[in-house]
Each structure stands twice: as structure tokens, then as C-alpha cells.
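Please study the sequence and the structure shown below. The paragraphs that follow lead through selected contacts in one chain.

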Amino acid sequence: MRDKIKELLTANYPDIDFESSTELVDSGVLSSFIVVNIISLFTVEFGVTIPYEEIIPENFNSLDAMASLVEKLQ
Amino acid sequence: MTYVSLNFIFFLAAFFLLFFMVPGTRLKQAVVLAGNIFFYYFAGGIQGLFVILFISLVTYVASRIMGRIYEPYDKEIEGLDYKAKMALFASYKKKTKLILIPGIILIIGFLVFGKAFRLTGIEAPAMLSPFLMPLGLSYYALSSTGYMLDVFWKKTKPETNPIYLILCVSYFPAIVEGPINKYSKLITEFKGLKGFSYEPFCRGLQRVLWGFFKKLVIADRLSLYTSVVYKDPGAYAGFEIIIAVILGAIQLYTDFSGCIDIGIGISEAIGVKMPENFNQPFFAKSAAEFWRRWHISLGDWFKEYISMPLAVNQKVIGVSMKIRKLLGGGRRSVQFSGSFIPLMSVWILTGLWHGTGLDYLVWGLYWGVLFLLESVFAPDFSALYKKAGIDEKSFGFKFYLMARTFIFFCIGRMFTVAGSLTGFAIMFKRMFLLNPWVLFDGSLYTHGLDRKNFYTVLFAVILLFIIDLKKEEKKDIRGLLAAQPRVFRWLCLYMLIFTVAVFGIYGPGFQASDFVYRGF
């Protein structure tokens, strides 16, 4: 799952190095605008419904966190 | 009474004296409540106090009932797996929604009702008009709605004592222009009110003084020029308009952030922390970054309560999918379709929050489109810069991005300052007429701001720029001042007080003009 997410995000955001940080949201690399897009991508690509309560920085701060969120919801 | 009046200074002195004299948290809370009522009575009128009471009670009752509905939930989720928990929570949300929605309708309805009268120009019945758009409604309506939504999403537990909600809604350091507080945090601050502490008190007063400087020495002085040009843009051209637009941007920044400095400073002095609303916005290098630095609490509110809920809404995602298919499914279409609805909804609402005319709607759409273009084409721009051999980390390039963002802001501001879209068109068109001689023949000094005042404001803006630059470098200005010898510290403070007293722009009875954002 982690690799699939990395591939998906890198294809859409080639300028962002998703591997390098575990504070993607906290450090401002991922703006709320990008998070909104990632939610849409996950819904479309993995068929998951992300509840509003899960839209917290901890779930988007790293590839591992995003992978575990998607796995949890699948 | 406004923040920038002599009466307010006397009120503030009495408030501080009383606040620090009374013992215990409860009595201090009572002093804050009395201060809120006293300030509001003289600043917003008694009718507005009834609106505050009404909004506070709606927020309290709705959040308490939602809390009651959620009571068995915590026991029922024990032992359930993640999916079962989410399903149970969804079923509970269905029930609490029956309380939440009427609560929101009552509060936001009040706001919309007042704004509708402004939009249509219909004169409200005399009995009703004092209750429409009372002072601060645009700010506390959002905070109250946010609090109910926090309870609905179980981000916070509902407060059991209604007095705390009345304290939050009526809190005078935030009532004029915000910041838009999160009540769950503000309540915690009120519950921890303590006695006098020299450092926060001093830091708070320094910030209040800095706010007065921004408002009285810069903003109100600049308005002498901008108000003349904005009033009749058809009578001016070229550099006269360009200068008005640039000065108008600085005026709005110093007016709004000055008011926020006064509010946050007062709050800091009594040990109540409020969220920051500005972070040197004119150092922003993109539209998105600008709005993360300007009116931060409003941006956070829209992000948390509008944009994110829309982003996870299945119907919105369905429509986004259709847009994506329509556009072909490439990288750009994925980014465009994913954020189009949440973003444009936020910006249309932001526009309507600021004002009800078509000009504000267009202003909102303008920023929405800028955001979209910036986001969707960011990698393309980056590739273009690389190809052209431009170093994106160089000072020159960063300066270009800052200047570009400032120009975006100025153009956006032109939509609303001209009073109508026709006014904007006139202003925009006439801005390109060439008249460089006005910069040298002295005619600029005949539009409300004479040569002496031009130089005064120039000096003040340079001082503001230096302070903002130091803040941008993460320097704690007030901390640096505190580390200086006492004589130097007091000299600086006396100089600032002297500057505000001598160079401030005062109207009749030492009453300064109203804050721009107070009107929202």
C-alpha cells in the first residue's frame, strides 16, 4: 500500500519529496489545499471513504501514516 | 466607544485595576464579564447585548443536548473494531444532526438575515434594525458555529456552565474584529485566570501600544489620501491611483492588524491567550501563503469547517470525479477537480462574509481562481523556471514572488474599495494612464495628505517594515527590548507613546476613525 500511495502522490505532486519527511503537514509541505486533493485521490483510487474525524495532521504527516489510514479504511 | 478613543483608555485602566485587585478566578471572570458588558453597551448598544445573549444560549443549549445524546457512545464503543466504531459514530451523528442543524440555522441565519438587508438595500423596520448586524456578529457567529461543530464531531466536550459561553461570545478584546476564537480553548483560558504577572502584563501593553501606532500613525494617516482617491476614482489617473492602491494595502494591513494587536495585547495582559491573526503577510510568496498569513483565524475556520468537510463529502467527490473525467484525467485535471468545489465554495463564502455586493462575490472568485491556477500549474511554473536557469532560492526570485503576491492583493482590494464593479473598472482602466509628472510636481500632496504627512507616514512604514522583517527572522522584539537596560527600555516606550500622541490622526473629541474590518 505504501508503494502504491507513493507512486500515486509522486505522479501528481512531482515537486514534493514524500519520503523525506514525517512532518509533511506540520512542516507546511502539504498545505490544506493539497490535503483536500489527496483525500479525493485516495477516495477515487482506493475506494475508501475518509471520515472527517480522520482529517488530522497525524494521518497525513508521512507516507506510512497515509498508508495505515487507507489500510484501516479499506 | 472604540478601541482608539480616550474613553477606552480610561475604561481599560479601570478594567485592569479591577481585574488585578479582585482575588480568585471566579471574581476575575466576573470582572471580565462586567468589562465585556460595559464595553459592548457603549460600543455596540444594548440591543446587541441581547443578540449576544441569544447566540450564547443557542450555542449552549445545542451543545449540551448534543453532549447528552453522545453520553452512552463512549461505553458502547468499548471492544468494537475501527469500522464498527465509525458506523456507531455515524449513527450517533445522525441523531445529533437534528440538534446541530437548527442551531446553525439560528446563528448563521441571524448573520445572513442582517446581510440580506444590506444586499437588497431594503430598509429594515425601525424596531428591528438595531438587532441586525450588531457589532462583532460576523466574528462570534462563526466561533459559536465552530464550537457546536466541535461538539458534533466530538472534538470537544460541551461546557456545562453557560456563563463561560457568554464570556466567550462577548469577550471585548475579540469583539470588534476578532480573532475568531476557538471557544473550547478560550474557555480553558478563562478557567485558568490568575493574578498579576509583570511580564505578560508588560508585553501585552507594549503590543497594545504598537497596535495604536499602526492604527493612528499609519492607517488613519494613509486613509487621508486613499479615501479621497477611492471616493472619486474617475477624477484621478496613473500614479495617483497606483499610489492609492499601494497605500490602501498598507492601510488595510495596519488598520486590521493594529486592531488585532490591541485586542490580543489586552488579552495577553490579563493572561488570556488568543490565536494570532497575522504573520507578516506581505512577505508571502504565493496567494495560498498570503492567506495563511493574513486573517489566519478566518482562514483556519473556513478550512476546518467548510473546506475539509466538503473534501470528504461523497457527493462532492462524485461531482469531482465527473469533472475529472470531463477534463481527461491527467495530473492537472486530478488536482483541479479534487479541489475545485471545496476551494470555490470557501472563496465564495469568504467573499460574502466580507460583504454582500457583487464586488465581494467577484473578489472571492478572483482569489479562488488564483489559488486554483497557482496550485494546478505550480509544477509547470517550476519546470519553466528551471529551464530558464532561474534559481528559485535566490533573493531576487523570492523578491519577485513577494512583489507579485502584493500586486495580486492590491488588484483584489481594488474590486471592493471602488464601491462597485463599475468603480473598479474605472479605477483599473485609469490606472494605466501615464502621468509620471505627478511624482515630482507636488500635486500628489494635494489629495488629502500633504508633504509633511507623506514623510511622516513614510518614516512610520519603514519602522513597521523593520519590525516585521525582524519578526520574519523569528526575532522576539519584545523579548529583545526586555533584555535592554531599564533606561533604554523606558526611553523606547516613551518615544512610542509620544509618537502615537503627537503623530496620531485624531478626529473630533480625540475619536479616531472606525476600524475597516469592524464593518464586516
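Phe397(B) counts as buried because its relative accessibility is 7% (buried means under 20% relative accessible area, exposed over 50%, partly exposed in between, with a 1.4 Å probe and protein chains only). Tyr385(B), at 11% relative accessibility, counts as buried too. This is a predicted model, in which local features need pLDDT of at least 70, side-chain atom pairs count only at pLDDT 80 or more, and totals for chains, interfaces and linings use all residues. Residues are numbered from 1 along each chain as its sequence is written, chains are lettered from A and ligands numbered from 1 in the order in which they are written, and side-chain values use heavy atoms, with hydrogens and water left out.

Tyr385(B) and Phe397(B) form an edge-to-face aromatic pair, with 4.7 Å from centre to centre and 70 degrees between the planes. Rings of Phe, Tyr and Trp (its six-membered ring) pair if their centres lie within 6.5 Å; planes under 30 degrees apart count as stacked, over 60 as edge-to-face and the rest as tilted. Tyr385(B) belongs to helix H17 (residues 378-387) of chain B and Phe397(B) to helix H18 (residues 395-417) of chain B, so the pair ties together parts 12 residues apart in sequence. Helices (H or I, at least four residues) are DSSP runs, numbered from the N terminus.

A charge can also meet a ring: Lys191(B) lies over the face of Tyr164(B), at 5.0 Å from the ring centre. The criterion is that NZ of Lys or CZ of Arg is within 6 Å of the ring centre and within 35 degrees of the ring normal. Likewise, the charged end of Lys28(B) sits over the ring of Phe19(B), 4.9 Å from its centre.

Definitions and conventions. Helix = DSSP H or I, 4+ residues; strand = E, 2+ residues; numbered from the N terminus.
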